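The entries follow the order in which I looked.

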Amino acid sequence: MDYQAIIESLFRGLIGERFIVFALAAIGLNLHFGYTGLLNFGQAVFMAAGAYGLAMTVVTIGPAVNRNTGLNMSESTLFWVGIFMAVVVFPLVLALLMGIPTLRLRADYLAIVTIAVAEIFRLIARSPSLDKWTGSSDGLTGFTSTFYDLSPFTTTDRYFFNLFTGNQFFLVLVGWSILALGTLLCWLMIKSPWGRVLKAIREDEDAARSLGKNAYSYKMQALILGGMFGAVGGMVRAVGFSVAQPDNFITDVTFFVYVALILGGAGKVFGPLVGAALLYAVLDSSDTILRQLVANDYIPESIMSGTQVGQVRFMLVGLGLILLAAFRPQGIFGNKEEMALDDR
Amino acid sequence: MTDNSPREDDYPAMNETFDRASPFADDAGVKAGPRPDISDEEADAAFAEVVTVDGVDPVAARAALADVPWEPGAPKPDPILVADGVVRRFGGLTAVDVDHVEIQRGVITALIGPNGAGKTTLFNLLTNFDTPDAGTRVFNDKNIDNVAAHNIAGHGMVRTFQLTKALSKMTVIENMKLGATGQKGESLFRSIFPFMWRKQEKEIEERADDLLIHFKMDHMRDQFAGTLSGGQRKLLEMARALMVEPEMVMLDEPMAGVNPALTQSLLGHVTGLRDQGMTVLFVEHDMDMVQEISDWVIVMAEGQIIAEGPPASIGENTAVVDAYLGSHHDSALDLDQEL
């Protein structure tokens, strides 16, 4: 058994780039679902908006604008414009698109619309007729050089107990900074009177309205803001894997974000962070452990082959979730008394 | 005001304060802390300061009702709320069809009627929680037809609900603080700069604490509202509505599901509001309560107002008796009906 590999995979899951991506998306979903009670089943589309907002601006839209207007923006200018597009413009447009028709209606309509929009966006991005703009099913590449040029680390060395290459380590450091800033912002907003209105809307929209709070406006603010967090997550993912590809944002992604959120505790500031870290620590380390066990014949081929490991680890996560639902339904940070209030 | 109304502790196990010291607890706002040092007199003075409506003399307002004729749609000497030609249809059913109604300022008006009379629908229309098919509503000489439901509170009118809407997963004090209008920290941008709203938050919290003391709920300050009993939730909802600093409170069945011991204390609170100059309109089924505290009664049946008058006059009104009991209630049944 290669114990070092197991421990490395555990730590990569705990602090690595996928943790950062899902923690950011889960912070956004926490604003939607945990605090405002918005049933957003399309967090993946906000993540895709972040990824494509950056990639399209740098690789397809930006050069087209340059050609047609003679603006001649350099690639690094386009990169920073792209970040603005990814973090502000794309998620804002998406949130307005989904929110305007549904936020006046009952909560389930938003759920229907978000899950549909997420799939529509992905299928459009996949469409061969838009190959020129979205790269269809291959996606877009070649938009990360400006970012990695900023890296002070050498690409050939390994950093942080040999866990990361230079580029990975740079991404993880930047990602953690964004995560810390995002959590701080979220914490400030939630403990303010603004956050109190969000919670009141989650508990009872009509009561909030009778006390003079514009529920529609607050729900829209929460949808936009949570979507922006999701978009930052998607952008980090695109930069980390150096590709914006439609099938990275399938519906499953949304449900993984939900798993991370519920695992950590919805409606708690640190819930998304701990939930995402735990989810990816379990996923990544169980993968390595199972592979080691199969390779060293601790598990005979008749029970499980090496190619089945990928599926089995998801079964383990499922088992973990069932145990969580049975023994700690409020999540890790949740308050059992608070949870029990629903039953009255 | 002396304090001999009972305190309800229906859930003693839940009454201990939850641990708020955890760094991970989502702890809203600045802690001013309850004010246990405050005397009853000080609390009453603070209450009077919080809820008093200036320029309204409740005694004169009640006396002025003596000249009002006992008929549906009677004009009042000083109306705060006037509705004209308000119609609301649900498909083929006309739920409310009110020609004209005026609510006198500074008194307690009861809205009664048999089940399905349209009381709650009229209530929703008057507070803009529902849009009428026709008609105009004027509050405080201002037309409120196109005011959104959430802006009604800012105009000085606040309502409660038949099914009590305590915000379960928020503490009692958070519930109260939510009620204050014009909060700077409720803007997304300012929310991340606590220094911009901390001072106001502290004032709001003091006002909330004063109200809680008056309603004898200060010992439940940091409990989740979801742990309160039905009666306590009604009290909390009323106290929270007062945080809006309204001129008029609209109570939808304030006594529904409240135990008799607490009913008396709730009644006392409602008359207490009137005595501070506030206008109260309430929907109620319990005739004893209507007789006891209301200054004026409006009776609805089948969507229309069929009678108005002081409470003592209502029991003798034939239209009202017919509406509740049927028009042939004391004539002998003929053979067909007996079968």
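**Entry 1: helices α8 and α11 of chain A.** I started with helix α8 (residues 166-190) of chain A and helix α11 (residues 215-241) of chain A, whose axes lie 11 Å apart at an angle of about 175°. Angles over 145 degrees count as roughly antiparallel, so I wrote down α8(A) as roughly antiparallel to α11(A). I then looked up which residues touch. From α8(A) they are Leu171(A), Ile178(A), Gly182(A) and Met189(A). From α11(A) they are Leu225(A), Phe229(A), Val232(A), Val236(A), Val239(A) and Gly240(A). I keep in mind that the model is predicted.

**Entry 2: helices α2 and α11 of chain A.** I stayed with α11(A) and turned to helix α2 (residues 17-36) of chain A. The two axes come within 8 Å and cross at roughly 170°. This angle makes α2(A) roughly antiparallel to α11(A). I noted that the contact of α2(A) with α11(A) has 14 nonpolar, eight polar and four charged residues.

**Entry 3: helix α3 of chain A.** Where does helix α3 (residues 43-69) of chain A bend? I found the bend at Thr57(A), and it is about 55°. I also checked how covered the helix is: 20 of the 27 residues of α3(A) are buried. Just after this helix comes Gly70(A), with a positive phi of about 65°.

**Entry 4: helix α3 of chain B.** The helix with this number in chain B spans residues 119-126. Six of its eight residues are buried, so I recorded α3(B) as largely enclosed by the rest of the structure. I listed the buried ones as Lys119(B), Thr121(B), Leu122(B), Phe123(B), Leu125(B) and Leu126(B). After α3(B) I found Asn128(B), with a positive phi near 65°.

**Entry 5: salt bridges.** How many salt bridges does the structure hold over all chains? I found 32. I looked up some of them one by one.

In chain A, Asp247(A) and Arg122(A) meet through their side chains in a salt bridge of 2.8 Å, N to O. Asp247(A) lies in the loop between β4 (243-244) and α12 (251-264), and Arg122(A) in helix α5 (residues 107-126), so the pair ties together parts that are 125 residues apart in sequence. Are the two partners buried or exposed? Asp247(A) has 26% relative accessibility and counts as partly exposed, while Arg122(A) has 14% and counts as buried.

I next looked up Glu205(A) and Arg209(A), whose closest N and O atoms are 2.7 Å apart in a salt bridge. Both residues lie in helix α10 (residues 205-210) of chain A, four residues apart, which is about one turn of the helix. Glu205(A) is partly exposed at 23% relative accessible area, and Arg209(A) is partly exposed at 21%.

I noted both Lys76(B) and Glu308(B) as buried.

Last, I recorded a network. Salt bridges with shared partners join Arg196(A), Lys177(B), Glu201(B), Glu205(B), Asp209(B), Arg221(B) and Asp222(B).

Conventions. Residues are numbered from 1 along each chain as its sequence is written. Chains are lettered from A and ligands numbered from 1 in the order in which they are written. This is a predicted model: local features need pLDDT of at least 70, side-chain atom pairs count only at pLDDT 80 or more; totals for chains, interfaces and linings use all residues. Side-chain values use heavy atoms; hydrogens and water are left out. A salt bridge is a side-chain nitrogen of Lys or Arg within 4 Å of a carboxyl oxygen of Asp or Glu. Helices (H or I, at least four residues) and strands (E, at least two) are DSSP runs, numbered from the N terminus. Buried means under 20% relative accessible area, exposed over 50%, partly exposed in between (1.4 Å probe, protein chains only). Axes are lines fitted to C-alpha atoms, for helices over the stretch in contact, and angles run from 0 to 180 degrees between N-to-C directions. Angles under 35 degrees count as roughly parallel, over 145 as roughly antiparallel, 65 to 115 as roughly perpendicular and the rest as oblique. Contact means heavy atoms within 4.5 Å. The bend at a residue is the angle between axes fitted to the seven residues ending there and the seven starting there. Ala, Val, Leu, Ile, Met, Phe, Trp, Tyr, Cys and Pro count as nonpolar, Asp, Glu, Lys and Arg as charged, and the others, Gly among them, as polar.
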